[in-house]
Amino acid sequence: MGITNSNKQIDTTQISCDGSLKITLALAAAPDIASNPTDIVLVLDRSGSMAGSPLSNMKAGADTFIDIIDEATDGSQDGTIGSGSHIGIVSFAETAEENTPLITSVADLKSAVNGLTAGGSTNHADAFAKAMELFDPASSNAKVIVMFTDGKTTAGAPPAPVAAAARASGIIIYCIGLTGADGIDISVLNDWATDPDDSHVAVTPDDSELEELFADLAANISKPGATNIVIDELVNSDFVITSMVPPVKGTAEIINANSLQWKIPELGVSGNEGASLEFYIKHTGTDSGDKMVNASISYSDSEGNAVTFPSPSVEVSCSTVITPEGCPVPVNFSVEGCRDFAVVDLGDVYLEAQGRIVELNMTIKNVCPRKRVALAVILSEVDCHGTEHRRGLKTFSIPAHGASSCRDVLVKCIRFILPEDNAAPSTCSTDSSLCRTRNLKARIMAHYIDTDYDCCGSVI
């Protein structure tokens with residue numbers, strides 16, 4: 001069967017500006033169907049949410065799947081599934097229906113698919129149960145269910161136990177998911193599918209890609225597993241690869257901060273087999289938004305399998321960062337060549353800290369767009385008797401941000417100078433060392449500068 005599924009998943013859909021996430025690449029492969037007769041049941045979702053282009057694209061995908069299996073089994077698209085293999089059609093909404101038994105007629109299979117209409121709720125348990133009924137327990141053929149759905153279970157019993165019973169009986173389950181109106185749960189599809197879960201599930205948010213997903217699965221059935229697999233992954237330039245878990249199959253190495261390579265000598269040559277690779281990336285960019293995780297990913301093997309990996313994205317949230325006090329201006333100087341030493345006059349230097357510098361950061365929560373903020377920080381020091389001593393006041397105007405909604409604003413690097421000669425003793429002892437503990441208190445006040453309020457009778 002060649003590569004029967006390829007997948008790429010991320011463990012979260014939202015991270016902070018410097019956040020990290022885990023990426024899992026997965027493949028599944030199986031031997032050639034021509035020498036390993038296989039009975040395949042296409043289980044197709046025809047619930048109400050499939051109306052319109054999703055149903056049309058699913059039908060096109062199923063027709064393409066049938067054509068490819070037709071040619072794979074006997075070398076030509078002659079209208080008959082050959083070499084002892086069969087295909088059956090089950091469709092489902094609030095209940096499941098056997099549209100065809102396991103047959104070899106391509107015309108009858110396509111007629112059943114193209115006659116489907118959308119309407120009703122979604123009963124996955126009944127769909128799995130009906131698909132299992134099509135298989136002959138006495139047959140030595142490999143048994144495969146290809147479940148396609150676009151939503152969550154809304155009718156019938158819980159489907160997980162039924163899918164588990166199918167797997168326990170030796171049926172291989174693949175799941176193709178379309179992110180529908182009610183949102184598909186990928187973890188549920190993973191639970192239904194044959195292990196390893198992530199190599200038997202493919203999900204797309206775009207129904208125009210359904211034909212490609214069906215075609216990839218069917219086209220690879222004609223290949224005898226896969227050998228000399230090479231996968232080159234290049235992550236988006238906003239991310240860097242931080243670490244990698246050794247793959248369960250083959251070897252992998254991080255080439256540089258943005259790329260890695262995974263090699264697998266053979267997969268699925270003697271039986272159905274899965275492989276996965278986990279690695280971690282960190283966001284190093286400075287702007288927010290929906291970011292594609294990978295820039296590109298390429299696949300090759302000796303059999304010429306056609307493999308398409310999903311392109312997941314993650315929502316990155318970066319707070320607005322303001323630095324009200326910049327670094328000191330440097331003094332530029334040069335030392336001429338062939339000189340063993342140089343005397344440089346750096347000019348006047350004004351002492352800012354004969355002692356210590358306290359640098360404060362804070363986050364102003366939920367600042368609305370286009371409103372400046374007045375910010376004040378009051379610093380005091382507490383002596384051993386609990387008395388507070390003033391150590392400084394700073395006030396700032398924080399510029400307005402232009403985001404579309406209220407957001408947190410990070411204010412960084414507010415500095416206070418604490419000379420040692422006026423340090424308040426933290427303990428009532430004679431300790432006067434420069435390294436003694438200093439106990440401080442900071443009070444912060446903030447309010448909007450820009451307001452639409454006018455006091456009665458006033459003119460502003």
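**Pocket and sheet: questions at the model**

Visitor: Which elements each supply at least two residues of the lining of the largest pocket?

Guide: Strand 1 (2-10), strand 9 (201-204) and helix 6 (210-219) do. Helices (H or I, at least four residues) and strands (E, at least two) are DSSP runs, numbered from the N terminus. Strand 1 gives the largest share, four residues. This is a predicted model, where local features need pLDDT of at least 70 and side-chain atom pairs pLDDT 80 or more, while totals for chains, interfaces and linings use all residues. Residues are numbered from 1 along each chain, and side-chain values use heavy atoms, without hydrogens and water.

Visitor: What makes a set of points a pocket?

Guide: On a 1 Å grid over the protein atoms alone, a pocket is an open set with protein on both sides within 12 Å along at least five of seven lines. The largest has a volume of about 640 Å³, the space filled by probe spheres set on the points. Its lining has 22 residues, and Val-203, Pro-205, Pro-310, Ser-311 and Pro-312 are the closest to its centre. Lining residues have an atom within 4 Å of a point.

Visitor: Why do strand 2 and strand 15 stand at the edges of the sheet?

Guide: The open sheet has three strands, in the order 2-17-15, with mixed pairing. Strand 2 (14-16) and strand 15 (289-292) each have a single partner strand, so one side of each is left without a neighbour. The twist averages 35 degrees from one strand to the next.

Visitor: How do you know that strand 2 pairs with strand 17?

Guide: Pairing takes at least two DSSP bridges. Three bridges join strand 2 to strand 17 (residues 313-317), so they pair, and they run parallel. Ser-16 stands opposite Ser-317.

Technical notes
1 Å grid on protein atoms, 1.4 Å probe; cavity = no way out; pocket = protein on both sides within 12 Å on 5 of 7 lines; lining within 4 Å. Axes fitted to C-alpha atoms, helices over the stretch in contact; angles between N-to-C directions.
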